[in-house]
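Here is a short note to read beside the structure. Please take the points in order and look up each element as you go.

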Number of protein chains: 2
Amino acid sequence: MNKEQLIEQIKIKKSFLCIGLDVDLEKIPQHLLQLDDPVFEFNKQIIDATHHLAVAYKPNIAFFEAYGIKGWQALQKTIEYLNDNYPEIFTIADAKRGDIGNTSTRYAKAFFEDLNFDSVTVAPYMGSDSVEPFLAFADKFTILLTLTSNAGGLDFQVLKDENGLTLYEKVLEQSLTWKNSDQLMYVVGATRPEYFQKIRKIVPNHFLLVPGIGAQGGDLQGVCKYGMNDDVGLLINSSRGIIYASNRTDFAEKATEKALELQQEMEAILK
Amino acid sequence: MNKEQLIEQIKIKKSFLCIGLDVDLEKIPQHLLQLDDPVFEFNKQIIDATHHLAVAYKPNIAFFEAYGIKGWQALQKTIEYLNDNYPEIFTIADAKRGDIGNTSTRYAKAFFEDLNFDSVTVAPYMGSDSVEPFLAFADKFTILLTLTSNAGGLDFQVLKDENGLTLYEKVLEQSLTWKNSDQLMYVVGATRPEYFQKIRKIVPNHFLLVPGIGAQGGDLQGVCKYGMNDDVGLLINSSRGIIYASNRTDFAEKATEKALELQQEMEAILK
């Protein structure tokens, strides 16, 4: 999927919602545990119940890896289900990878070719040659960690250099010099609305993936006020607030309700 | 495995060699490709041929993930083979993970519990609460990216703050304040011997995992001169130089020869 197609979907659905699939067997409805692949079955029902309200889904790879081979099978089935049934959906492998060049190429192949995700999240600590191998894949997006929503995000990301520039600003500036930098997006936590203005000065045109709405306490209105651009330019993620709205047999209906609330809030903002 | 046991193994084997398992089907001997699981078979033969010369093995997780479910099966079989046959070996999942707390816990469970590795490499960009979930596992080690061997490692890691402190020094200093920081080790590239003195001033007692010897041009003597401490305190990794010493049927013998060369160089340094 390319950027224009993503923007078109946002306009059609009047939504820039991304739904995070952080599937925990201890939190999903217990009746699903009798099934052969409860993780996939849960994802399938969540996707079927919310796909008209969201433009993106973000499987959190750690939650699949924690279940070993069965987890990878569930991940593979989930992304295949999305690609086969809802090709208009933008898919994000939330993997936070990054390594030296030949190794990053392997991760890129795993997520872009083997699993056929549209995008993957990547950590910037190892610099240009750890990220550029991901950017080498056409029509695929690399979503760089920039300013994260967790408390520890402030440990290093806002350290200032000799010129008063913070690390996350440096990451943004440097990343624009990398090859195929138009295929970058950036992770910016919703818990930090005060930073969005600064970020938009450096990257006015790129999409931002914004986690932290809901369970983590982020503020949708504040993020949109300072983070939105002419293309909307935001994908707002909600995971637990939607997928765990109920842990009973009505979980899919309740997920629809929660997704609809956010979609309607977004539709009002888009007007 | 605890630190004392690792040090004891270094003394017994007169070696602080770590062998990296970066298994690429295009580089391994072609006769193995007829087998059911060529990746595992390659690892098994390399391990059998070198285990007496090395104290640690480091499967590079990207190379397994790139083969999807078959790759995870090969990874699982490799770590089981190591744990069952050579329990004295220190095992490193080179995964470079790191995410918000509940997600990092999932990665930690995947590598420490499900796969039963002794350690995992972790990226520091997201700060304390992205690393502490790994440190919560007793007798397991978290190996933090500090100063990496790739060219892009200098993009952000040596940026100086207002007080002249570089980012990698800040990572070292801060990490010492984290809970269970005695279970930390640090990744420092062999391509940067001039930095080891500075690093040892901040972390005199911790182990350093040092990639970049061989294919990447790092210098063993220089690293040992400045990086070694009273416990040795170094694990020197070589991947391609050993495992791809030959791509014919003699690959295991040639791997033994290359590992022996490094072990003997290490034995001489230890005297």
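At what angle do helix α4 of chain A and α4(B) pack? This is a predicted model, in which local features need pLDDT of at least 70 and side-chain atom pairs count only at pLDDT 80 or more, while totals for chains, interfaces and linings use all residues. Residues are numbered from 1 along each chain as its sequence is written, and chains are lettered from A and ligands numbered from 1 in the order in which they are written.

1. Helix α4 (residues 68-85) of chain A packs against α4(B) at about 170 degrees, and their axes are 10 Å apart; axes are lines fitted to C-alpha atoms, for helices over the stretch in contact, and angles run from 0 to 180 degrees between N-to-C directions. The two helices, α4(A) and α4(B), are therefore roughly antiparallel (an angle over 145 degrees). Among the residues making this contact are W72(A) and W72(B).

2. Across the interface, 48 residues of chain B are in contact with 48 residues of chain A, where contact asks for C-beta atoms, placed from the backbone, within 7 Å. On the side of chain B that touches chain A, the largest share, seven residues, comes from α5(B); helices (H or I, at least four residues) and strands (E, at least two) are DSSP runs, numbered from the N terminus.

3. Within chain B, eight strands close into a barrel in the order β1-β2-β3-β4-β5-β6-β7-β8, with parallel pairing (strands pair if DSSP finds at least two bridges between them). Four bridges join β1 (residues 17-21) to β2 (residues 56-59) of chain B, and G20(B) stands opposite K58(B) in β2(B).

Conventions:
Contact = placed C-beta atoms within 7 Å. Parallel < 35°, antiparallel > 145°, perpendicular 65-115°, else oblique.
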